[in-house]
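Me: I am new to this structure. Please take me through one part of it closely, in short sentences.

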Amino acid sequence: MAKAAKIATAERSPIFAGREFSGEGAKIAVLAPSHRLALRAPEKSLAALSKALGVKLPVAPKSSVTKVSRSALWLGPDEWLVIDDGGKDPLEDCARVRVLHSAVGVSHRNVGISISGPRAAETLNAGCPQDLSLSAFPVGACSRTILGKVEIVLLRTAEDAFRVECWRSFSDYVLTFLTDAATDAA
Amino acid sequence: MTESFRIAGRGRLASRTARFSFDGTSYFGMAGDTLASALLANGVHLVGRSFKYHRPRGILSAGAEEPNALVSVERDAARRTPNVRATVQELYDGLTANSQNRWPSLAFDVGEVNDMASPLFSAGFYYKTFMWPKAAWKNLYEPFIRSAAGLGVAPHLPDPDHYASRYAHCEVLVLGGGAAGIAAALAAAETGVRVIICDEQAELGGAMRYEAGAAIDGEDGWAWSQASVAKLAAMDNVTVLSRTTAFGYYAQNFVGLAERVTEHLADPKGLPRERLWQVRAKRVILATGAIERHMVFADNDRPGVMLASAARTYLNHYGVAVGRNVGVYTANDSAYAAALDLKKAGVEIAAIVDLRDNPAGPLVDEARSLGIDIHHGRGVVGVGGKLRVTSMTIQPKAGGAARTIPVDALLVSSGWTPSVHLFSQSRGKVVFDDATKRFLPGNYAQDCVSVGGCNGSDSLAATLDQAWAAGAKAAREAGGKAGPAAAKPKADSGENFVGGMLGAGPGAHADSTVKAFVDFQNDVTAKDIRLAVREGMRSIEHVKRFTTNGMATDQGKTSNMHGLAIAAETLGKDIPEVGLTTFRAPYTPVTFGTIVNHGRGPLFDPTRRTATHGWAQKHGAVFEDVGQWKRAWYFPRTGEDMHAAVNRECRTVRETAGLFDASTLGKIEVVGPDAAKFMELLYTNPWEKLEPGRCRYGIMLREDGFIYDDGVVGRLAPDRFHVTTTTGGAARVMNHMEDYLQTEFPQLDVWLTSISEQWAVIAVQGPNSRKIVEPLVEGIDLSDEAMPHMSVREGTICGVPTRLFRMSFTGDRGFEVNVPADYGQAVWEALWAEGQKHGACAYGTEAMHVLRAEKGYIIVGQDTDGTVTPNDAGLDWAIGKKKTDFVGIRGLTRPDLVAQGRKQLVGLKTKDSKTVLEEGAQIVANPRQAIPMTMIGHVTSSYWSENCGHSIALALLAGGRERMGETLYVPMPDGPIEVEVCSPVFFDEKGGRLNG
């Protein structure tokens, strides 16, 4: 099978790449593709996994840990979403780890959306029932929650900025909802 | 027209005028007016016709409790809002309003005949009058009642406005912005906690709007209120929401607020019409005040008869006199204050009629000193005038000579009802206070507290004390740091609103036939309530439903207590024994727009599209909705209808190959050392011995033994399975598995991850499928020896990772190419280009359905319905015979599930090969039997099969496998269709094409 060299490499088509909305109080933008890992593991495996991933897996509910371009988001007592924006696949880092865990690549499952600006929290609160005040949801806080009628993972990246992660086919809904809400929140 | 009833120097409105029209006549009002105050300023009292009797009606109140002054406000053809309370609608320049329930005009209404014919329309008349003859209900009575009933006309066009939503959290939520609410909010806000205070009016201030005698901290009550609200609004931790009604109090201090954002604006400027607030509060302070009740006497509904506090509001806040020669009818002191204010403003007070024998006190003394006639121990037993009150007839309570006094407005007050609606909605229990004859908050069910009028507090000083303490306590309990820094507000003077009476007054006694209205909006009289009791209603809940008292949109805010008192009196019982009806949300009507808010149009429900959606669109696909997904249904070429397209697609797949987007299938990665053990428990099939790299068709049961879902499962590694589910089952199968894992098998080391959207799935099916896939793949040997049917390999396709399945849902050789979703489009296009070399087509869900039915492959949810076992579906082979446990194993042994004669999956061939059966049609053995026939089965799938050259159908048929070759019938409107029972496999029975 000497044909290998002739196969053209498939081009990546991230959904809604470049789509954004700039409102008075909030700016919404689709983020560039990231590497993502759905990680499940018992407590006894956390040290080895943290070492392999280069980021200490948080154990406090609603918290995340970010190191350089990699974030680990606590989603449940044995569940993390690891996002890497530096081009390094955390799935590969886990492949060498022998301790008990489940690592599943979900880089293409999710779409990342940033929402920033002085009215970012109000915009999200149009459809997200969580208390997004800085005291209840400080920078670094994260949660698997809802926005309108869909599930999202929400991460506060700065006092006035959030990252929303949703499944690929729900991103149209999420973007439309946030745009609608940003118009009102302004 | 000039505002002849506006009194210069009175009221608080700025002198900016606003033009509006009512029933086609133009008027001037002032900025800050309500429609009601503007109409009254122009001397207009007649504003509507009543619901049942079409009686002329005026303006009763100055607030949200208004049962009478319901009008239609029309911005344009699509924005025509019926049943707007004129007392709530704020005036804006250009406002257009019309009266309702009248024809041809408000002053001359043909429907008024109902008033004359009222003996026919007594309480419960529906249930009696329209009972006979029975058939007439459907054809005559109901259509007539439906067209006659209802108030106002809803617009026929879609609502062009938009609505918004906001979730909010706070430590202290204050419901009601009167003096009590403001004081509570101040106390709470001082501690630094988050406070939200809402009020239904345009400006907070509550009763300070009219209580001229109130003074707080050296200012008059209104000025103190506005200064305090400004102070609150300036604090970072406080949100002040005016024009915002708390309409519903739900579990765990979750309160629904409806904010009217643009209803008062001439130009909404793109803002949402209304905004729904859903607030979760650690503590709630109820400061909802009290509502004045009217007097129940003959013709008490005539325009010009009005609550005393309303007249006072129109005077003191809006600068409007409700008449020039005003009568007053009361049983307590508060109406005296109204009379005094009017008198001082130059309005003649014809007389105060007081039901009490010896009214006394400063207000009474002041009235006397101003020379106002007080007729004590007397009642108003009737009024003159029809479109507007012209006189009142008074009589001693004990009877005797009646006397008529001319008036052009009549102020009434029978006392105050604490607003316990929201408290009751919070599941708090009210208790009856016998001394003051009112229901007050008793046991609390949630973290809330009532202060002020709604808590039975009668004096301003007591109210402020109570509210301040409650605000400070709530804030402290909710985590507030310091105690309030500022000083508690102090009432310098206030007014006392105690006492009053309940029920019907003189002249409206038990034997009278007069129309003394209890519930204005639903036209319920004292007589109706008594009739309900005479007809056997004992509970107030029954009386309410029989008479409809309190069932209008005002929820009986002015009528409930009177109705209850009359029922109790008629029953000879005490009020608490008769009970109080339940308060339910919403407190006042809430638009559907507010409840739906953002969830309209594209946001009504998510629309999910796959990675190849754009390609399919470009290639002419017709889409069908499958749950939230848009799936390509078929790809018609020029000149093709659906049948021609589907026939071509089916033929092409079997002749050469076809491409199909299967991305919507649910996919779950099951990972962990106990993965196989878990699979053994969730599926009927055996998994332990399935080698990595191989696949198996799996069936999942519910506990009861019926098929729940199915799909092909590939084992990627000893500890890793790639599970597929049906498209519709994706979410619930994941939940089902997670549920069992967490509750039944928590000891297993295994985890589930949804990968449905990680992978785009491209099915390449047909004899040439390998030739299409092979040139693009690296690292995988696709030969039959290396990769037989039902196997899975990992490698690359077009240079990107793939999980490549060799499997078939068509019965022909086939592959399913899984690639990361962002590569789905590019890989599809590459496969398409290869496919073109072999004459392949793209096919949609319809062809997929036909092709699988030709092979007798079931679709869960179409050929099964939740009552089908694997055996029924002919899938016994998929049950691991040596297995001792899996979900549903015991269910399968239930007597019913192993009984003879169960419905089994069979094929049906029509005797006329061109006839296609209807899915869902019933099957009978003898079409000549009498109706209802004995039905022995039904058609589950039915298509024209181009490949077979005849129609095909799958059916569930009682004892089906014993009936092979039998002739049965499918009765249809045009006559029975003859069918022959056959195997469900219509095409390639031996299965050779899987490797063909």
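Which residues in α5(B) meet which residues in α6(B)?

Reply: A word on the model first. This is a predicted model, where local features need pLDDT of at least 70, side-chain atom pairs count only at pLDDT 80 or more, and totals for chains, interfaces and linings use all residues. Residues are numbered from 1 along each chain as its sequence is written, and chains are lettered from A and ligands numbered from 1 in the order in which they are written.

Now the pair of helices. On the α5(B) side the residues are A179(B), I182(B), A185(B), L186(B) and A189(B). They meet G221(B), S225(B), S228(B), V229(B) and L232(B) in α6(B). Contact here means C-beta atoms, placed from the backbone, within 7 Å. By class, this contact has 7 nonpolar, 3 polar and no charged residues. Ala, Val, Leu, Ile, Met, Phe, Trp, Tyr, Cys and Pro count as nonpolar, Asp, Glu, Lys and Arg as charged, and the others, Gly among them, as polar.

The helix α5 of chain B covers residues 179-189, and α6 of chain B covers residues 221-233. Helices are DSSP runs (H or I, at least four residues), numbered from the N terminus. The two axes come within 10 Å and cross at roughly 35°. Axes are lines fitted to C-alpha atoms, for helices over the stretch in contact, with angles from 0 to 180 degrees between N-to-C directions. The crossing is left-handed: the near helix is turned anticlockwise from the far one by less than a right angle.

The largest nonpolar core has 241 residues. Such a core is a set of buried Ala, Val, Leu, Ile, Met, Phe, Trp, Tyr and Cys residues joined through C-beta atoms within 7 Å. Buried means 20 or more other C-beta atoms within 10 Å of a residue's own. V172(B), A184(B), I285(B) and V827(B) touch the most other members. Helix α5(B) gives the most to this core, with 10 residues. Apart from it lies another core, of 103 residues, among them L91(B), I349(B), A508(B) and A567(B).

Take I285(B) as one member. Leaving out residues up to four places away in sequence, I285(B) touches A184(B), among others.

Last, the wider setting. Chain B is divided into six domains, including domain 2 (164-290 + 418-493). The bounds come from an automatic or database domain assignment. The centres of domain 4 and domain 6 of chain B, taken over C-alpha atoms, are 62 Å apart. Chain B also meets chain A: 43 residues of chain A are in contact with 40 residues of chain B.

Methods. A residue is buried if 20 or more other C-beta atoms lie within 10 Å of its own, exposed if 12 or fewer, and partly exposed in between; C-beta atoms are placed from the backbone. Helices (H or I, at least four residues) and strands (E, at least two) are DSSP runs, numbered from the N terminus. Two residues are in contact if their C-beta atoms, placed from the backbone, lie within 7 Å.
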